[in-house]
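Subject: Structure for you to look at, with notes on the chain contact

Dear colleague,

I am passing on the structure we spoke of, and below it I have set out what was found in it. Please read the notes with the coordinates open beside them.

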Protein chains: 2
Amino acid sequence: MQSNTTCSDEETYQVRKLEITDKNKGFMELLHDEFQKICDSVSNDEFQKRFEELKSYGDDHVIGVIEDVASSKIVATGSVFIEKKFVRNCGKVGHIEDVVVDSSARGLQLGKKVVGFLADHARLTGCYKVILDCSADNKAFYEKCGFKEKEVQMVKFKLYDIFSHNFVGLKITHVQLQISLIIILLNALIITRFVI
Amino acid sequence: MQSNTTCSDEETYQVRKLEITDKNKGFMELLHDEFQKICDSVSNDEFQKRFEELKSYGDDHVIGVIEDVASSKIVATGSVFIEKKFVRNCGKVGHIEDVVVDSSARGLQLGKKVVGFLADHARLTGCYKVILDCSADNKAFYEKCGFKEKEVQMVKFKLYDIFSHNFVGLKITHVQLQISLIIILLNALIITRFVI
């Protein structure tokens, strides 16, 4: 839908769609540093599989990235997927997700550029609106990008993820969590055996 | 993914996926009554096209409905689509949208049933969480469904839709809006011609 564009006169930062080779340019590390949500154990095969899955959606799911051309490093990213509805006379809505800017590249308006790239994509595919969910702290940033506060985001985690979600800040992985749960269960069994 | 289920002993209300014949069972009128967002001019061909598009996504986009078996009328609906991410080790998130219960069927827990149907679908397809956006007024309802408030939803409309969105409460259609804009433009032209 969109051709590659450069976002500075010096062509320092290139805004474009995600490419398969971006895994070697720090794409997963960028996500991991921002979300601390277990992005550090994705193999090349898993990455390729997910990349191909998303590619098969064509313009209905696009991941944008900004590459620092000098260092060949991905310094910003965000995704948009197009929801097809029956309301609004079979209208379409763009959902922006997972917007990240590398801490070393803050203050260069790259967040605004990647959000603009995604919002433009949604507009060009015929969406009547584009939405996203953000923390209260990031509201001011998205207002600068032309967004307005509308509703409340509600979430329901899987029971297993209620634990891991709460431990995300402590950088506890799924494997560590599984081991902890097994230890707790074994302790409970031992206590039950000796007490009852 | 899910088989049809009944949600009362008397099999009065059937919870299931949307079928092509549901257009003749009041599905579009239900959406229109709730959202007042121009759902009243979708032809059979347009409905079929969108239905087939969504069907091609398989389990990645499901519309749930509740049919009042006695009257063959769709009295509740909601949709869920599955977003495939790179974060959370290539995790998946379910997005619930467009939940509606017919005003004549309120108080029967049908909203909770349709949300449960969609959340179960997300869980069964491997989503680590399911999210939705709602008005502050509907927060209490979703809390009863097991959801918790998390973030802020931000929205950006297309310029054209900024107008129509603001007029939605007045039940002004796109055609009426276009006529109004043409009249305003003509008036502006006449004023310009006589004043300047």
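This is a predicted model: local features need pLDDT of at least 70, side-chain atom pairs count only at pLDDT 80 or more; totals for chains, interfaces and linings use all residues.

I begin with the extent of the contact, which draws 70 residues from chain A and 69 residues from chain B. Together the two chains bury about 6,200 Å², and carbon and sulfur atoms account for 56% of that area. On the chain A side, A:Phe86, A:Arg88 and A:Met154 contribute 16% of the area buried against chain B, which is more than any other three residues supply.

The polar side of the contact comes next. Between chain A and chain B there are 30 residue pairs in polar contact, counting pairs in which both residues are at pLDDT 80 or more, and the count of salt bridges between these chains is 6. One of the salt bridges joins the side chains of A:Glu53 and B:Lys84, with a distance of 3.3 Å from N to O. Over all chains, the count of salt bridges comes to 30; the A:Glu53 pair is one that crosses between chains, running from helix H2 (residues 44-55) of chain A to strand S4 (residues 73-84) of chain B.

As for which element of chain A takes part, strand S7 (residues 148-157) gives the largest share of the side that touches chain B, namely 10 residues. Sorted by class, that side of chain A holds 33 nonpolar, 12 polar and 25 charged residues.

Strand pairing also runs across the contact, where strand S6 (residues 129-134) of chain A and strand S7 (residues 148-157) of chain B pair in the antiparallel sense over 6 bridges.

Finally, how are the two chains related to each other?

With best wishes

Key
Residues are numbered from 1 along each chain as its sequence is written. Chains are lettered from A and ligands numbered from 1 in the order in which they are written. Side-chain values use heavy atoms; hydrogens and water are left out. Contact means heavy atoms within 4.5 Å. Buried area is the accessible area (1.4 Å probe) that two parts lose on being put together, summed over both. A salt bridge is a side-chain nitrogen of Lys or Arg within 4 Å of a carboxyl oxygen of Asp or Glu. A polar contact is a pair of N or O atoms within 3.5 Å; within protein, one must be able to donate a hydrogen and the other to accept it, and residues adjacent in sequence count only if both atoms are side-chain atoms. Helices (H or I, at least four residues) and strands (E, at least two) are DSSP runs, numbered from the N terminus. Ala, Val, Leu, Ile, Met, Phe, Trp, Tyr, Cys and Pro count as nonpolar, Asp, Glu, Lys and Arg as charged, and the others, Gly among them, as polar. Two strands pair if DSSP finds at least two bridges between them.
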